[in-house]
Amino acid sequence: MTKPLLFCFDPIADLNAELLILGSMPGQESLTANQYYANRRNAFWKVMAEIVKFDPGASYEIRLQALKTGRIALWDVLQSCTRVGSLDARIDANSISANDFQSFFRRHENIRAVFFNGAKAESAYRQHVLPTVSSVAVSYIRLPSTSPAHASLSYEQKLQLWQAALRPECSAAR
């Protein structure tokens, strides 16, 4: 069976962004909907609504604007890869192509912290990106994946960890 070549979305960011949240590669539902974290069982938007203070049921455009207002950028580590299904574990390591973070950090020079939405985003960044951006002075923090596949933590536990990491950063960004 041939695995489809998948491509990520453009980053959601404006020039005021100070925080960057990175996933690995959008899942099938997100790719189909052409929206970050479109799987309703993924806790990302619910978590961000608690931290940035917006209605998690708001339109996609309003949720994206809320992130920008909170000086939060959103992107994925991988520009493209092959994968069957949505699980990070199914990504073919030999097919990985990383996004151009050198250009991203040049355009978004206020980024001071990068938060990984799960272990795969962090490991892919450290392997494929970090060697090319080693001069960029940002802090790196891995958070538990908001994916429903990461079921070892409850929603409340994930929310608590995300709040502890992002709330102080969001307050400092204002």
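Predicted model: local features only at pLDDT ≥ 70, side-chain atom pairs only at ≥ 80, totals over all residues.
Local features were taken at pLDDT of at least 70 and side-chain atom pairs at pLDDT 80 or more, while totals for chains, interfaces and linings use all residues. Residues are numbered from 1 along each chain as its sequence is written, and side-chain values use heavy atoms, with hydrogens and water left out.

The protein contains six helices and seven strands. Both are DSSP runs numbered from the N terminus (helices: H or I, at least four residues; strands: E, at least two). Their order from the N terminus is β-β-α-α-α-β-β-β-α-β-α-β-α. Of the 174 residues, 48% count as buried. Buried denotes under 20% relative accessible area, exposed over 50%, and partly exposed the range in between (1.4 Å probe, protein chains only). Contacts are heavy atoms within 4.5 Å. Among contacts with a separation of 6 or more, 71% link residues 24 or more positions apart. The exposed surface comes to about 8800 Å², computed by the Shrake-Rupley method with a 1.4 Å probe; for residues, only the protein chains shown count as cover. Carbon and sulfur atoms supply 49% of that surface.

Helix α3 spans residues 60-69. Its buried residues are Y60, R63, L64, A66 and L67. Seen down the helix axis, these fall within an arc of 155°, so they line one face of α3. The arc is that of the directions from the helix axis to the C-beta atoms. An α-helix has 3.6 residues a turn, so residues three or four places apart point the same way. The buried residues of α3 pack against α2 (44-52) and β3 (72-76). On the other side of the helix, E61 and T69 are exposed. Just after α3, R71 adopts a positive phi of about 60°.

Strand β6 covers residues 113-117. Five of its five residues are buried, so the strand is largely enclosed by the rest of the structure. Burial extends to both faces: A113, F115 and N117 lie on one side, V114 and F116 on the other.

Strand β6 also pairs with two strands, β2 and β7. Pairing requires at least two DSSP bridges between the strands. Strand β2 (residues 19-23) runs parallel to β6 and is joined to it by four bridges. Here L22 has F116 of β6 as its bridge partner. Strand β7 (residues 139-143) is likewise parallel to β6, with five bridges between them. Within this pair, F115 stands opposite I141 of β7.
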